[in-house]
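This report concerns the disulfides of the structure shown below.

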Amino acid sequence: MKPDGLQAPVPGLGVGPSGTQFLCIAGSPLFTSESTVLPYRSSLIANGYTCHSEETGVTCQYNLHADGFRVSREASSLTLDGGSQQPDASVTVPDVRGERPTKAENLLAEAGLTARVVGGTGRGPGGGQCVVAEQEPAAGAKVAAGTRITMTTGEVGGKPGSC
């Protein structure tokens, strides 16, 4: 039992300047009135981190190596010291726009990069094939090996995000 007036510690997973951490926070809210929700099937790239939300859970990883976490209603996991890549090893991001998502993922893996697909991977609402319409970082960029490339799909001839 906790004494009256004290908040029970709340466990959490987070990423920050010192890496991925398991936290136990007491007396500090995890969510405030300024907090925003990352909608399903969307990503947020900020301060060297990429977070992706799906109905199956949320994954956040540091873009230069694999440190990060995954959390869902069923389970959570924490990845520490995941960066087996040399920090000074850089690769050029290939142009995967126009490719089907599975082929684009394979091309990125061959280049030593990881992939995140945002959008559909089959057919779009108009019946056309879903292909990579946008990628971030852009083709030609020099990035650290292992960097996650976010690919947004669109229907052939359609707008990004239409799949």
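## Disulfides of the predicted model

Cys51 and Cys60 are both buried, a term that denotes under 20% relative accessible area, with exposed meaning over 50% and partly exposed in between (1.4 Å probe, protein chains only). This is a predicted model, in which local features need pLDDT of at least 70 and side-chain atom pairs count only at pLDDT 80 or more, while totals for chains, interfaces and linings use all residues. Residues are numbered from 1 along each chain as its sequence is written, and side-chain values use heavy atoms, with hydrogens and water left out.

A disulfide is taken as a pair of cysteine sulfur atoms within 2.5 Å. The count by this rule is two disulfides, and with bonded cysteines counted along the chain their pattern is 1-2, 3-4.

| Disulfide | S to S distance | Torsion about the S-S bond |
|---|---|---|
| Cys51 and Cys60 | 2.0 Å | about 120° |
| Cys130 and Cys163 | 2.0 Å | about -110° |

The torsion of about 120° makes the disulfide of Cys51 and Cys60 right-handed. For Cys130 and Cys163 the torsion is about -110°, so that disulfide is left-handed. The latter pair links distant parts of the chain, 33 residues apart: Cys130 lies in strand β10 (residues 130-136), and Cys163 lies in the segment after β12 (148-155). Strands (E, at least two residues) are DSSP runs, numbered from the N terminus.

The two cysteines of this pair can also be described by their accessibility. Cys130 has 0% relative accessibility and therefore counts as buried, whereas Cys163, with a relative accessible area of 24%, is partly exposed.

Note on methods: Helices (H or I, at least four residues) and strands (E, at least two) are DSSP runs, numbered from the N terminus.
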